[in-house]
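Please read it alongside the sequence and the model.

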Protein chains: 2
Amino acid sequence: MTGGRWSRRSALGLIGAAGAVGVTGGFAAGVARDDDAAAPQESVVPFHGRHQAGITTRVQQHLYFASFDMTSTATREDLKSLLADWTDAAARLTQGREVSPEGATGGGPYKPPDDTGEALGLEANALTLTFGFGPTLFAANRFGLESKRPKELVDLPSFAFDLLEDRFSGGDLCIQACADDPQVAVHAIRNLSRIAFGRAQVRWTQLGYGRTSTTSKSQSTPRNLFGFKDGTANVFSNDDADLGRWVWADGSDQAWMNGGTFLVARKIQMLIESWDRVRLEEQEAIVGRDKARGAPLSGGSEFTEPDFDVVSTAARGPAIPADSHVRLAHPERNGGARMLRRGYNFVEGNNDLGQLNAGLFFLAFVRSPEQFIGVQRSLAQDALNEYIRHIGSAIFAVPGGIRTGESVGSGLF
Amino acid sequence: MTGGRWSRRSALGLIGAAGAVGVTGGFAAGVARDDDAAAPQESVVPFHGRHQAGITTRVQQHLYFASFDMTSTATREDLKSLLADWTDAAARLTQGREVSPEGATGGGPYKPPDDTGEALGLEANALTLTFGFGPTLFAANRFGLESKRPKELVDLPSFAFDLLEDRFSGGDLCIQACADDPQVAVHAIRNLSRIAFGRAQVRWTQLGYGRTSTTSKSQSTPRNLFGFKDGTANVFSNDDADLGRWVWADGSDQAWMNGGTFLVARKIQMLIESWDRVRLEEQEAIVGRDKARGAPLSGGSEFTEPDFDVVSTAARGPAIPADSHVRLAHPERNGGARMLRRGYNFVEGNNDLGQLNAGLFFLAFVRSPEQFIGVQRSLAQDALNEYIRHIGSAIFAVPGGIRTGESVGSGLF
């Protein structure tokens with residue numbers, strides 16, 4: 001159990017010498033990208049690279065997202081050491097290894113195990129861990145990072161229909177864990193939370209049980225809880241021009257953001273029971289797409305560009321209505337702005353009226369928060385607003401990729 | 001989109017004529033049982049049979065469980081018609097079809113779609129839907145079922161350390177949805193809830209993100225959130241003698257329970273952060289097994305029977321301590337009593353102290369509730385009690401399997 005070359009499976013002797021999954025030549029590869037939908041469930045995503053993994057990576061099936069606050073007494077040194085410790089642990093966990101060389105059972109009987117053990121025997125399941133920094137981390141009289149704050153890293157403005165709750169919003173730090181097995185994602189956040197003890201504490205977390213977007217056309221477009229395909233017009237991970245224009249920051253504002261991006265997180269409750277009482281024609285008019293195939297109401301198939309000039313005689317107006325989601329969210333109406341979305345569905349029991357607490361945990365990676373802000377302002381007219389409520393909001397600056405031997409955010413210090 | 005021979009995928013034309021998944025000769029097969037761990041993710045579990053599916057079925061990866069109450073004005077006829085409608089819908093959903101022939105898009109533009117659509121394009125994913133009846137359904141002055149109540153179907157007694165909350169407890173009816181894709185399980189419960197509108201309403205629901213047990217030794221034993229293997233001593237689905245003795249009711253009390261069973265559901269919160277501070281030796285002493293392999297502390301490997309007489313010189317007492325979970329839960333200490341367990345992990349954010357709301361949603365199928373009651377009383381001495389809290393509890397009578405043309409619980413009327 002010592003040394004780094006043991007996976008969780010080989011540590012248990014389950015697959016013996018063949019078990020050193022993830023310890024391959026790809027470990028030191030450049031861009032952490034995997035847009036092959038046919039990749040096996042056991043795939044391992046490189047941790048190091050020019051960009052952080054978990055952004056252009058094929059969207060995994062499950063999410064566990066955590067927002068952290070630094071403790072009230074934490075110092076700049078605490079932050080620095082935390083990021084170093086998190087980096088070491090993440091480099092191991094994403095490769096299917098235990099959180100430390102001692103792991104769950106190798107540290108001897110007289111101390112709490114380093115690793116909590118619930119992922120023993122599970123493969124890496126394409127785990128990615130993506131780190132971000134919230135605006136509050138750069139506040140005055142905290143960690144001496146005022147001059148390192150990206151200009152655009154400020155709280156999002158209020159939007160029409162916002163019903164935000166503190167308990168789902170904000171945070172000094174975030175970690176997005178995505179994996180094809182939820183236990184692997186939960187295990188990673190739990191162990192990173194333990195490492196943070198005394199330095200940072202969990203502010204809020206979000207379990208996403210199923211992806212609602214894709215970053216590759218070779219992955220089928222999933223459906224959200226309104227039953228419609230979501231993310232058809234996403235930025236795809238194989239389009240370097242789009243990524244350069246809409247996702248990756250270039251470091252001209254803050255050098256440490258070179259190869260980084262901004263992450264916008266929104267917890268969107270869906271009023272499922274109300275939506276389910278809407279007739280099909282109206283559902284499709286609200287979304288602007290047909291339900292079966294996801295084609296725009298102006299005609300064609302899922303990936304046909306919407307034509308907003310097409311007129312419908314039946315509707316006595318535009319085939320894609322003026323207040324439809326597709327029209328208002330479309331780049332054409334928003335100065336061309338696009339986003340790389342990686343949202344997940346959530347379901348969390350029900351309220352006292354027996355209605356579902358469910359919806360979409362919206363995650364978008366953007367070169368500038370203005371891309372999101374512009375679209376969200378445009379959506380003030382969205383007919384969909386009758387059926388959704390934004391109840392949580394957060395923004396994080398996501399630093400560029402991590403090189404071997406470096407820590408995430410080392411450019412801050 | 002009319003007729004019954006279309007799967008959700010073929011309805012969309014995604015896989016054309018080859019898409020009629022689930023409409024196979026196996027549909028009318030006898031026992032709904034699948035203990036082959038190597039079964040493909042897209043497998044279809046027969047709905048009809050001598051027993052309900054979802055009990056001895058290979059434990060799927062995900063759970064969505066719902067407890068319902070009949071509405072205050074619901075009549076006996078309402079209950080009867082609800083069970084008939086649920087049966088029709090469940091027979092379709094479990095075979096990968098939409099909830100009705102009209103489905104999500106085939107009912108025309110002027111009505112709300114029958115099917116909510118979020119599972120369009122997804123296979124059956126081994127979906128099973130298992131129905132049960134709570135004690136309150138048989139109360140006087142409700143549905144005229146007083147004489148049909150199984151003698152043993154009464155609320156569970158109070159146990160040491162119970163901290164039960166109404167919002168996680170009880171219910172007139174339950175549906176256990178298990179599938180290898182969580183969206184498929186959520187979709188099923190959501191659509192069955194819609195069908196119940198005006199007759200029954202959701203009381204509480206539970207999402208389980210990962211299985212914590214197995215009903216077959218060919219499936220690897222999963223780990224709970226304490227990092228230990230769970231369910232090693234389960235009743236296995238290939239052991240007919242055990243099933244007959246510990247799981248299936250014979251109908252000698254109530255004829256309609258022939259081939260049925262009782263379902264005990266317990267929501268068990270785990271005090272994760274406290275547990276994570278316990279040293280390895282103590283964790284293993286509390287559980288009575290070693291963490292790495294799940295072997296009893298008396299020696300051997302995972303499936304070696306614990307030997308409670310083995311003495312440990314180091315521990316100056318029994319190798320498997322007197323207050324260990326394994327000893328107190330073991331059949332040898334409980335009149336031989338065993339259970340078929342199908343529990344799932346849950347994670348639901350965190351409390352105001354930043355601690356995880358997480359634990360085990362315990363589900364056990366037993367021929368008699370006494371099997372559970374005896375073991376749970378024995379566990380009053382369990383050292384594990386310091387780290388867990390039972391916060392929800394329910395019991396349901398699960399009727400026998402459904403024959404083609406019949407409705408679930410038709411023997412009640």
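1. Polar contacts between the chains. Between chain A and chain B, 22 residue pairs are in polar contact, both residues being at pLDDT 80 or more. A polar contact is a pair of N or O atoms within 3.5 Å; within protein, one must be able to donate a hydrogen and the other to accept it, and residues adjacent in sequence count only if both atoms are side-chain atoms. The elements of chain A that give two or more residues to the side touching chain B are β1 (62–70), α3 (182–195), β4 (200–208), α5 (272–275), α6 (280–287) and β10 (344–350). Helices (H or I, at least four residues) and strands (E, at least two) are DSSP runs, numbered from the N terminus. By class, that side of chain A has 23 nonpolar, 14 polar and 13 charged residues. Here Ala, Val, Leu, Ile, Met, Phe, Trp, Tyr, Cys and Pro count as nonpolar, Asp, Glu, Lys and Arg as charged, and the others, Gly among them, as polar.

2. Basis of the values. The model is predicted: local features need pLDDT of at least 70 and side-chain atom pairs count only at pLDDT 80 or more, whereas totals for chains, interfaces and linings use all residues. Residues are numbered from 1 along each chain as its sequence is written, chains are lettered from A and ligands numbered from 1 in the order in which they are written, and side-chain values use heavy atoms, with hydrogens and water left out.

3. Extent of the interface. In chain A, 50 residues are in contact (heavy atoms within 4.5 Å) with 50 residues of chain B. The two chains bury about 4100 Å² between them, 56% of it on carbon and sulfur atoms; buried area is the accessible area (1.4 Å probe) that two parts lose on being put together, summed over both. On the chain A side, A:Arg190, A:Tyr209 and A:Asp276 lose the most area to chain B, together 14% of what that side buries.

4. Salt bridges. There are 4 salt bridges between chain A and chain B, each defined by a side-chain nitrogen of Lys or Arg within 4 Å of a carboxyl oxygen of Asp or Glu. A:Asp276 meets B:Arg194 in a salt bridge, with 3.9 Å from N to O.

5. Strand β2 in chain A. β2(A) runs antiparallel to β3(A), joined by 6 bridges; two strands pair if DSSP finds at least two bridges between them. The bridge partner of A:Leu129 in β3(A) is A:Ala177.

6. Strand β2 in chain B. Strand β2(B), residues 128–133, has 6 of its 6 residues buried. It pairs with β3(B), residues 173–179, in the antiparallel sense over 6 bridges, and B:Thr130 has B:Gln176 as its bridge partner.

7. Loop residues of chain A. A:Asn141, in the loop between β2 and β3, has a positive phi of about 60 degrees, but is exposed at 78% relative accessibility.

Note on methods. Buried means under 20% relative accessible area, exposed over 50%, partly exposed in between (1.4 Å probe, protein chains only).
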